[in-house]
Amino acid sequence: MKCIIEKAFVKSHRTTELIAITEQIRQIVQKSGVKNGIVNVFTQHVTTALTINEDDPKLEEDIARFMLKAVPEDDSYAHHHFFRKDGRMAVNAYSHIRASLLGANLTIRLLDGDMVLGGRQNLYLVELDGPQLRGLAVQIMGE
Amino acid sequence: MKCIIEKAFVKSHRTTELIAITEQIRQIVQKSGVKNGIVNVFTQHVTTALTINEDDPKLEEDIARFMLKAVPEDDSYAHHHFFRKDGRMAVNAYSHIRASLLGANLTIRLLDGDMVLGGRQNLYLVELDGPQLRGLAVQIMGE
Amino acid sequence: MKCIIEKAFVKSHRTTELIAITEQIRQIVQKSGVKNGIVNVFTQHVTTALTINEDDPKLEEDIARFMLKAVPEDDSYAHHHFFRKDGRMAVNAYSHIRASLLGANLTIRLLDGDMVLGGRQNLYLVELDGPQLRGLAVQIMGE
């Protein structure tokens with residue numbers, strides 16, 4: 001059994017956005033040479049999430065807007081974040097809560113060297129506190 | 001190590017409902033002959049989800065009702081869905097958002113050829129845009 | 001390939017709280033002797049969840065408070081729970097719904113015998129109907 005770990009990097013450009021990562025993960029899977037098994041995609045960050053949904057820019061906007069509304073910025077939160085570079089303080093508890101609602105990892109089966117996804121299923125990194133450069137761990141287990 | 005992929009089909013009868021799939025998945029696991037490992041259940045659709053909760057029809061209703069309320073239909077959404085058969089257009093962004101909130105896959109451990117679940121834990125397919133026939137991928141890895 | 005299942009126990013002290021379990025899971029992983037693979041952490045209960053977020057007591061409070069607000073107690077629910085010991089009836093549907101929103105399992109990769117987590121990532125058991133003694137299944141697969 002092979003057990004391969006690769007990293008993937010994704011650059012976000014907005015505070016809150018869905019970024020399609022299906023092709024990037026597919027290429028890592030194909031390069032691994034594993035034919036049957038699973039791929040586990042895991043975000044390394046506490047203000048991003050991973051989700052699966054339909055490949056439609058309008059839906060990406062709908063999901064991002066919903067997260068802003070479901071966990072509003074103008075509520076009362078205790079958590080503060082100090083930026084390491086300039087010591088500036090920011091409240092971003094809502095970014096963390098949105099991340100916990102969506103989840104940090106996806107496990108997808110591999111068959112004949114490719115991910116088996118439904119016809120409309122697309123993998124997304126959900127940026128919740130961007131823009132930033134984000135790292136994903138992509139782990140492939142199988143034979 | 002064995003790595004077996006099976007499909008399971010579930011027919012929903014309402015727009016939004018929880019459908020218990022524990023026994024159906026259990027039979028697939030037992031048929032696979034894998035004794036120790038994991039089973040990964042994955043929905044192929046972007047308007048369904050998978051969840052684990054207590055086997056009580058009243059709770060199934062509570063969860064379905066909550067999803068309707070948490071992501072309301074009468075909000076403003078950009079995503080539209082065209083039915084392939086008759087070209088009719090429908091807004092169902094709320095179904096997609098509900099799916100992302102609940103998640104698309106479950107990973108459950110196997111011991112002595114059966115899923116190890118807590119006494120009250122039941123696996124559910126959550127239909128969010130039915131009624132439809134839905135396909136699940138059931139992947140069993142282990143020995 | 002090894003496939004090891006261990007149990008972990010966590011005692012909650014409040015009705016709703018996040019309890020850090022990173023060190024407890026790390027020790028189980030190290031004791032297993034598995035160097036490369038995955039660890040799947042799974043809660044056995046239908047009124048708890050698992051999540052990953054930043055190790056900050058203030059954020060733990062923010063997440064707990066958000067769950068209370070997102071799924072309010074003073075709504076109308078059908079599900080009732082009878083306590084086995086004294087036959088007392090309680091409505092705790094909101095605890096179950098909160099559990100489904102956050103999810104019941106986490107899959108984390110192992111490299112060189114340790115979980116690979118981002119610098120701010122902490123594993124949490126989310127107690128949603130405590131205080132209780134809770135059981136987690138910790139499954140380690142790999143070599």
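**Close-up views of a predicted model**

**View 1. Helix H1 over a sheet of chain B.** Helix H1 (residues 22–32) of chain B lies across S1, strand S3 (37–43), strand S7 (105–111), S8 and S10 of chain B, and runs at about 150° to S1(B). Contact here means heavy atoms within 4.5 Å. Axes are lines fitted to C-alpha atoms, for helices over the stretch in contact, and angles run from 0 to 180 degrees between N-to-C directions. Helices (H or I, at least four residues) and strands (E, at least two) are DSSP runs, numbered from the N terminus. This is a predicted model, in which local features need pLDDT of at least 70, side-chain atom pairs count only at pLDDT 80 or more, and totals for chains, interfaces and linings use all residues. Residues are numbered from 1 along each chain as its sequence is written, chains are lettered from A and ligands numbered from 1 in the order in which they are written, and side-chain values use heavy atoms, with hydrogens and water left out.

**View 2. The open sheet of chain B.** Five strands take the order S1-S10-S3-S7-S8, with antiparallel pairing. At the edges are strand S1 (2–11) and strand S8 (114–115) of chain B, each pairing on one side only. Two strands pair if DSSP finds at least two bridges between them; S1(B) and strand S10 (residues 133–142) of chain B have 10 bridges, in the antiparallel sense. To find one of them, look for Ile5(B), whose bridge partner in S10(B) is Gln139(B).

**View 3. The open sheet of chain C.** Here 3 strands follow the order S2-S9-S4, and the pairing is antiparallel. Strand S2 (17–20) and strand S4 (48–54) of chain C each have a single partner strand, so one side of each is left without a neighbour in the sheet. From one strand to the next, the twist averages 35°. S2(C) pairs with strand S9 (residues 121–127) of chain C over 4 bridges, and Ala20(C) stands opposite Tyr124(C) in S9(C).

View 4. Helix H2 (residues 57–70) of chain B packs against helix H3 (residues 93–102) of chain C at an angle of about 60°, with the axes 10 Å apart. Leu59(B), Asp62(B), Ile63(B), Phe66(B) and Met67(B) meet Ala93(C), His96(C), Ile97(C), Ser100(C) and Leu101(C).

**View 5. Helix H3 of chain C.** In H3(C), 10 of its 10 residues are buried (under 20% relative accessible area, with a 1.4 Å probe and protein chains only). Gly103(C) follows H3(C), with a positive phi near 100°.

Notes
Buried means under 20% relative accessible area, exposed over 50%, partly exposed in between (1.4 Å probe, protein chains only).
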